[in-house]
Amino acid sequence: MLIDLKIKNYALIEQLEMNPSPVLNIITGETGAGKSIMLGAIGLLMGNRADSKLLFNQEQKCVIEGVFDISSYNLQEAFAAEDLDFDNQCILRREISPSGKSRAFVNDTPVTLDVLRKIGDNLMDIHSQHDTLQLGDTSYQLNILDVYAGNTSLDIYAGNLSHLKNYNDTYRSYKKLESDYRKLTDQLAQAQKELDYHTFLLSELEEASLQEGEQEQQEEELKQLENAEDIKLKLSQAVQYLSESEFNITSALKDTAYLLGQLAQFSGKYEELRTRTESCMIELNDVAGELEDAERKTEADPERASEVQERLNLIYTLQRKHQVQSITELLTIQRDLEAKVGSVLNLDTAIANTQKAMQAAEKEMLEKAAILSERRKSSFGKFEQELYALLAELGMPNARIVIQHKEAAPSATGTDEISILFSANKGAQPQSLVKAASGGEFSRLMLSVKYMLADKTALPTIVFDEIDTGISGEVAVKVGKMMQQMALKHQIIAISHLPQIAAQGNAHYFVYKEDREDRTISRVKKLSDEERVNEIAHMIAGANPSANAYQSAKELLSL
């Protein structure tokens with residue numbers, strides 16, 4: 001529950017602090033005094049979007065802080081899910097700078113607005129006129145019935161998940177498999193369109209039997225074949241120079257080695273030079289032998305040259321076709337094509353497996369949807385009767401509530417389509433809430449629903465913003481009593497304009513305007529017993545209450 005609220009530099013509020021009662025808190029004040037401004041500030045604390053234009057002083061930052069006692073609400077998992085440290089006391093803080101930059105904190109840890117919203121949703125339920133309008137939405141009505149039927153609370157038999165969460169997890173698994181199946185079938189259809197073309201390209205590459213390094217070898221061989229006569233002539237000339245001419249190099253080296261051998265007796269240096277010369281002679285003899293061998297093998301072969309040229313033309317054609325420059329790249333393309341052609345068979349297997357898993361998930365989803373649906377339908381009668389009884393107490397004895405149910409295609413919320421039908425007058429056919437309920441009737445309906453759900457939720461604090469719209473007299477007294485009953489299990493903060501409700505509060509806060517020389521500001525104060533009498537008398541009779549008004553105020557407070 002909220003134990004301390006601070007608002008600084010927001011709208012008409014320069015600085016405000018209140019320490020609400022743990023039970024029923026009433027907030028009253030003149031129209032425009034700042035009651036809704038307080039609600040707006042609390043909304044920012046719950047993660048609503050901020051606007052720097054709402055700063056009281058445009059040169060200072062706005063700070064809104066709420067301190068909550070959450071020791072008995074089992075919120076450890078909610079904090080752990082957001083990687084936040086849990087403490088029995090939780091502090092939410094929101095800061096808005098003059099530049100419009102917004103910062104949020106949970107227990108002094110910076111968080112995103114989404115995280116602030118998730119934590120705040122566990123701490124406060126703010127009911128405004130917007131929520132009353134929401135009551136006409138069928139998805140909102142379904143959520144109400146799920147809370148009433150206990151489908152949103154933890155269930156040890158469902159693996160510590162609520163019935164709704166348990167179904168929703170299965171539904172999401174099914175939808176994921178359905179999406180995977182659709183993608184795979186689309187992929188197969190596309191692959192089958194391209195299969196013939198890919199098979200043709202693959203066959204072409206496989207028939208070519210390409211080898212790494214082949215292109216370079218073939219190009220070198222072709223050059224030799226095309227220049228065979230010139231190569232043979234030059235090799236022959238080289239052999240002549242080395243070993244066959246009258247003044248060949250090897251004979252000259254042999255003579256040189258002989259002369260150096262005769263000089264070896266005079267110096268070891270000459271012996272070394274002789275040895276080196278002989279080594280050169282041996283190497284040149286090897287070179288000459290290889291040149292002779294190459295010369296003998298070099299022959300013009302037009303037929304072989306044609307074969308090599310044809311092979312190279314095939315390689316060049318494939319490279320142009322696939323827009324690459326090497327055999328290595330062609331071999332990579334060949335492997336890719338093998339994978340694509342082979343993937344069609346693999347896709348068939350993947351599709352069969354995914355379809356089988358999808359069908360199993362669908363069966364499980366529909367089984368859990370049936371359980372969820374049965375729990376909902378079994379609560380209809382009790383919900384209708386309890387809501388009817390509460391509306392009768394609130395001055396609507398002829399009200400009729402009927403829950404209309406239709407089977408629907410599976411969705412995130414199940415296979416049920418729910419619509420709450422209502423009529424306020426005897427003999428009138430129940431219709432949708434949007435068509436049948438007036439503003440005052442909507443307010444009483446919403447309060448009754450909140451009252452019914454109060455025992456089934458664990459929210460520490462509920463805020464009502466003028467839920468008493470359109471009611472008065474004895475009905476207002478009963479509304480106040482209902483709020484008192486709810487406050488036995490929940491902290492209630494109610495903004496009201498009715499004296500009958502204001503008198504029911506355990507604590508009464510008064511919001512008022514204070515005019516300064518430069519501007520008007522909003523203030524709030526907790527009323528004493530005597531001040532409560534005065535405020536309620538003013539609510540009854542206006543600016544100048546009579547003695548009867550004061551007496552009526554005292555009577556309301558004594559109820």
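Start inside, by selecting Phe 383, Phe 422, Phe 464 and Met 483: of the 55 residues in the largest nonpolar core, these touch the most other members. A nonpolar core here is a set of buried Ala, Val, Leu, Ile, Met, Phe, Trp, Tyr and Cys residues joined through side-chain atoms within 4.5 Å. Buried means under 20% relative accessible area, exposed means over 50%, and partly exposed is in between (1.4 Å probe, protein chains only). Next colour helix H14, residues 439-454, which gives the most to this core, with eight residues. Helices (H or I, at least four residues) and strands (E, at least two) are DSSP runs, numbered from the N terminus.

A word on what you are looking at: this is a predicted model, in which local features need pLDDT of at least 70 and side-chain atom pairs count only at pLDDT 80 or more, while totals for chains, interfaces and linings use all residues. Residues are numbered from 1 along each chain as its sequence is written, and side-chain values use heavy atoms, with hydrogens and water left out.

**Around Phe 464**

Which residues are in contact with Phe 464, leaving aside its neighbours within four places in sequence? Select His 127, Leu 447, Lys 450, Met 483, Met 486, Ile 492, Ile 493, Ala 494 and Ile 495 to see them. Contact means heavy atoms within 4.5 Å. In soluble globular proteins, nonpolar side chains tend to be buried together.

Now for the gaps. On a 1 Å grid over the protein atoms alone, a cavity is a set of points where a 1.4 Å probe fits but cannot get out, and a pocket is an open set with protein on both sides within 12 Å along at least five of seven lines; lining residues have an atom within 4 Å of a point. Grid points are joined across faces, edges and corners, and a volume is the space filled by probe spheres set on the points.

Counted this way, there is one cavity of 30 Å³ or more. The largest cavity holds about 40 Å³ of space. To find its lining, select Leu 135, Leu 387, Ile 420, Leu 433, Leu 445 and Val 449. That lining divides into six nonpolar residues, no polar and no charged. In this count, Ala, Val, Leu, Ile, Met, Phe, Trp, Tyr, Cys and Pro are nonpolar, Asp, Glu, Lys and Arg are charged, and the others, Gly among them, are polar.

Move on to the second largest pocket, with a volume of about 310 Å³. Of the 15 residues lining this pocket, Glu 30, Phe 510, Glu 535, His 538 and Met 539 are the closest to its centre. Strand S3 (24-29) and helix H17 (529-541) are the elements that give two or more residues to the lining. The largest share, five residues, comes from H17. By type, the lining of this pocket has four nonpolar, seven polar and four charged residues.

Pick Lys 35 in helix H1 (residues 35-45). Is Lys 35 buried or exposed? Lys 35 counts as buried because its relative accessibility is 8%. Show Ile 27, Thr 28, Gly 29, Glu 30, Glu 466, Ile 495 and Val 511, which Lys 35 touches, not counting residues up to four places away in sequence.

Then jump to Leu 312 in helix H11, which is buried at a relative accessible area of 1%. With residues up to four places away in sequence not counted, Leu 312 touches Gln 215, Gln 218, Glu 219 and Leu 222.

**Out to the exposed residues**

Asp 108 sits in the loop between strand S6 (102-106) and strand S7 (109-111). Asp 108 has a positive phi of about 70°, although it is not a glycine, and is exposed, with a relative accessible area of 53%.

Gln 323, in the loop between helix H11 (302-322) and H12, also has a positive phi, near 55°. Gln 323 is exposed at 73% relative accessible area.

Lys 363 lies in helix H12 (residues 327-393) and counts as exposed, at 57% relative accessibility.

**Last stop: confidence**

Colour by pLDDT, the predictor's confidence in each residue, from 0 to 100. The protein chain averages 87, and 97% of the residues score at least 70. Over residues 155-160 the pLDDT is below 50, and this stretch has six contacts in the model beyond near neighbours in sequence.
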